[in-house]
Amino acid sequence: MLQHSVLRICHILLLAMRIFASEDFDWTKNKMGSFQYGTFPSGFSWGAGSSAYQTEGAWDKDGKGKSIWDVFSHKRGKIHLNDTGDSSCEGYYKIKDDIALMKDMNLNHYLFSISWPRILPSGIKNDYINEKGIEHYDNLINMLLENRMTPIVTLYHWDLPQVLEEKYGGWQNASMVNFFDDFANLCFERFGNRVKYWITFNNPWSVAVEGYETGEHAPGLKMRGTGAYNAAHNIIKAHTKVWHTYDAQWRNKQKGMVGISLSADWGEPVDISNQRDIEAAERYVQFYLGWFATPLFHGDYPQIMKDYIGRKSAQQGLSSSRLPTFNPHEKSYIRGTCDFLGISHFTTRYITQKNFPSNRGNSYFTDRDLAELVDPQWPDPGSEWLYSVPWGFRRLLSFVKTQYGDPIIYITGNGVSEKTICTELCDDWRMQYLRDYINEMLKAVKDGVNVKGYTAWSLLDKFEWDEGYSERFGLFYVDFDSKNKQRYPKASVQYYKRIISSNGFPNQREIESWKRKALETCTSSNQLLAADPLIRHMEMVTEIVVPTVCTLCILLSAVFLMFLLRARI
């Protein structure tokens, strides 16, 4: 007990030193330098990621309970083309195959999530533990370790048990804090002897805003102006309680770390010499990243959020702010509960000031008083929101370093999609995206940002939430129409593999050869993929044609017999 207390005090002192050592971020300096050759520090970890609902399939198999995404995707009109994640990549049945793909790429780690309702069908530990679900993740973790890959495990990637949504209102209800803590504690108990990197929540911004503000995502509620803030408040408390549970009960035995993965687009002032644009850009980042990071590192919401939401709430005649508050005890309890910070980053926006009158109604988006802009010259090969703006990555990482006292950072998601009807394995735009974004991360590391690992998003094409299967983020193409969900490597697999083997970008000549060689390999993959549908088509045609030919033969025989009979008459 004494040893634990001493460790806790040391942790707090170290965190305090980091915070006091932090400096202000300089919004007026944007170093958009040329490509930088060099390598990452020894021990830098390279990986790829996925999530349970997006890849596992087997939505109702082996005792799994329903999640809010099972229910939401089954409602017509919620998902593009009414797609669902019912089968997706069938990853539940293809652990060995997928680990073989990872091993061939020489990945150091694999980031995946545990499906809460697969382990606890009702979401409540005291109701029932599904041992089949435990066995599935046991097998996955063991196989990763056998193949010398580190499991990085996310506890919540959006698939809340449906029972908890129906009975309690999901993340609107503070009771989720204890239910989630029980689930996490079970995972620590069953898997923690082998898992040393835990992520409590992936992208809680989307859970709160798209789940409870806009209703684009499950559970599909439109509680404008309040729903997102209440959900986020409970998520922050849930993360905090899980961190303390691990710290008190498991850290000394298991020697692991507990962090969170926050998604953050960068916001760049339209005019870096204009103070109003600078302030608007900072609001954009604080309302996005700071909403969750600032409480975990400093104990409370960003002051700018409290000021803006409080003022607009008062103008709307409310007696208190729509943004919930933490009491002094909670602030102390929350501060310092992040062993590492996961950053998931994909794109950037230009930001300028725009006033939204309070009589326009309650909304997270209007609370910010800003407008988002894009440069029409930015490449946008896939998702309508995802533009390739590599320099924003370095800016974001520098901001994190200065704002949160130089934390340990793992990149928990970075990648680009394609939105195309035709199959395309020679994904030169993804290779360019990886090259440019990873190089900006290298520059940030050279600047002194404490980035320890990078996770390409994603290993496989998969179910993309409200976009269904219309967008593909995978390094591997998945043929969703085939019975066994065949995987085919895109050119980016070979390109990323070479970045991993070189631990960065050694020299110009070698890097230029990577793309050429990768495109050569994707040509043969394209031939395999082209042959597979042809074979399936031939099988289908055989099923149709053979009976037709047989029927035709019978008819001809009957006509011939009738002709013979008439001839005899």
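Visitor: Which helix gives the most to the lining of the largest pocket?

Guide: In this predicted model, that helix is α9, with four residues in the lining. Other elements take part too: α9 (204-212), α12 (275-298), α15 (364-367) and β11 (409-414) each supply at least two lining residues.

Visitor: What is the volume of the largest pocket, and which residues are closest to its centre?

Guide: The volume is about 930 Å³. Trp205, Ser206, Glu210, His217 and Trp385 are the closest to the centre, out of 35 lining residues.

Visitor: How do the lining residues divide by type?

Guide: Twelve are nonpolar, twelve polar and eleven charged.

Visitor: Is α17 mostly covered or exposed, and what follows it?

Guide: Mostly covered, since a residue counts as buried under 20% relative accessible area and 14 of the 20 residues in α17 are buried. Gly448 follows α17, with a positive phi near 110 degrees.

Visitor: What percentage of the whole protein is buried, and what percentage of contacts join residues at least 24 apart?

Guide: Of 569 residues, 57% count as buried. For contacts between residues at least 6 apart in sequence, 77% join residues at least 24 apart. The secondary structure behind this comprises 19 helices and 15 strands.

Terms used. Residues are numbered from 1 along each chain as its sequence is written. This is a predicted model: local features need pLDDT of at least 70, side-chain atom pairs count only at pLDDT 80 or more; totals for chains, interfaces and linings use all residues. Side-chain values use heavy atoms; hydrogens and water are left out. Buried means under 20% relative accessible area, exposed over 50%, partly exposed in between (1.4 Å probe, protein chains only). Contact means heavy atoms within 4.5 Å. On a 1 Å grid over the protein atoms alone, a cavity is a set of points where a 1.4 Å probe fits but cannot get out, and a pocket is an open set with protein on both sides within 12 Å along at least five of seven lines; lining residues have an atom within 4 Å of a point. Grid points are joined across faces, edges and corners, and a volume is the space filled by probe spheres set on the points. Ala, Val, Leu, Ile, Met, Phe, Trp, Tyr, Cys and Pro count as nonpolar, Asp, Glu, Lys and Arg as charged, and the others, Gly among them, as polar.
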